Amino acid sequence: MSTPNLHNALLRPPIIQILRAAGFHATRPSVLDTLTDLVANYLMILSSSAAAHAANAHPGDPIPVLEDIYQALQDTGALSPQLRDWEEDWQEEEDTRGLDAFLSWFSGPTNREIRRIAGFVPSEGDMIDTDSLEKEDFLTALKKKHSKTGEESRYAGTVLGKSAEEHPIVIEGGVPSIREWSQQARSRTPGHRVGSDTSAVSSAPSNLSEAEGMDV
């Protein structure tokens with residue numbers, strides 16, 4: 001499975017949960033795929049905007065901080081209605097309507113219903129135990145289901161796991177690097193001279209370089 005297809009497959013379950021929380025019980029696959037593509041494009045625009053603000057504000061350490069995320073949310077229209085910075089300076093008053101509306105949605109009943117459908121908030125009448133207080137998302141649960149050991153090591157270095165530590169690859173035979181292996185391989189070829197540049201164009205044969213015997 002290619003990377004874009006994998007990302008769409010991982011994004012599709014949250015979209016289904018959001019639709020279910022909004023009251024939709026069925027949809028066509030084409031509609032679901034379209035919504036998934038729209039959300040993926042929006043997330044790409046949001047992350048690109050945050051990265052651009054981080055690179056402009058602190059190029060020495062271009063890791064997005066809260067202010068960069070805040071500006072990216074403004075750029076993508078997530079905080080609306082809300083005045084821009086120059087409009088706030090002109091009116092000499094800070095406008096927090098968009099931020100207040102976002103926080104209200106985040107802590108309100110709509111988001112709580114989405115979390116309930118996703119399994120993070122117990123439904124009414126559910127038996128609550130200590131294990132259900134910190135439920136795992138569907139991806140973590142799926143990874144543990146398909147891992148016999150339950151460890152994250154098998155996913156290290158992949159899109160599903162943590163980044164693997166870089167280490168040199170030792171080629172069979174004890175050669176420490178591909179560069180040295182290439183040099184050893186060239187040294188075994190007939191007619192190879194030490195220190196010669198094999199990437200250069202070889203010289204013409206001596207019989208062609210002589211003027212004698214050539215028709216001008």
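Modeller: From the N terminus on, the elements of the protein chain run α-α-α-α-α-α-α-α-α. That makes nine helices and zero strands. The model is a predicted one. The protein chain has 216 residues, and 15% of them count as buried.

The loop in question lies between helix H3, residues 66-75, and H4; helix H4 itself covers 85-91.

Leu79 sits in the loop between H3 and H4. Its relative accessibility is 5%, so Leu79 counts as buried, the cut-off for that being under 20%. The C-alpha atom of Leu79 is 6.6 Å from that of Phe102, although 23 residues separate the two along the chain. For orientation, helix H5 takes in residues 97-106.

Gln82 belongs to the loop between H3 and H4 as well. Gln82 has a relative accessible area of 14% and is therefore buried too, again by the limit of under 20%. Two polar partners can be named for the side chain of Gln82. One is Tyr70, whose side chain is joined to that of Gln82 by a polar contact of 2.6 Å. The other is Asp95: the backbone oxygen of Asp95 is 3.4 Å from a polar atom of the Gln82 side chain.

The surroundings also include charged residues. Glu67, Asp85, Asp89 and Glu92 form a negative surface patch. Of these, Glu92 is placed in the next loop, between helix H4 and helix H5. With a relative accessible area of 73%, Glu92 is exposed, since exposed means over 50%. Gln82, at 14%, is buried, whereas Glu92 is exposed.

Val31, Leu35 and Leu38 make a nonpolar surface patch of about 230 Å². Leu38 is part of helix H2, which spans residues 29-57. The relative accessible area of Leu38 is 51%, so this leucine counts as exposed, with the cut-off at over 50%.

Key
Residues are numbered from 1 along each chain as its sequence is written. This is a predicted model: local features need pLDDT of at least 70, side-chain atom pairs count only at pLDDT 80 or more; totals for chains, interfaces and linings use all residues. Side-chain values use heavy atoms; hydrogens and water are left out. Patches are made of residues with over 30% relative accessible area and no salt bridge: like charges are joined within 9 Å, nonpolar side chains (Val, Leu, Ile, Met, Phe, Trp, Tyr) within 5 Å. Accessible areas come from the Shrake-Rupley method with a 1.4 Å probe; for residues, only the protein chains shown count as cover. A salt bridge is a side-chain nitrogen of Lys or Arg within 4 Å of a carboxyl oxygen of Asp or Glu. Helices (H or I, at least four residues) and strands (E, at least two) are DSSP runs, numbered from the N terminus. Buried means under 20% relative accessible area, exposed over 50%, partly exposed in between (1.4 Å probe, protein chains only). Lys and Arg count as positive and Asp and Glu as negative; His and the chain ends are not counted. The place of a charge is taken as NZ of Lys, CZ of Arg, CG of Asp or CD of Glu. A polar contact is a pair of N or O atoms within 3.5 Å; within protein, one must be able to donate a hydrogen and the other to accept it, and residues adjacent in sequence count only if both atoms are side-chain atoms.
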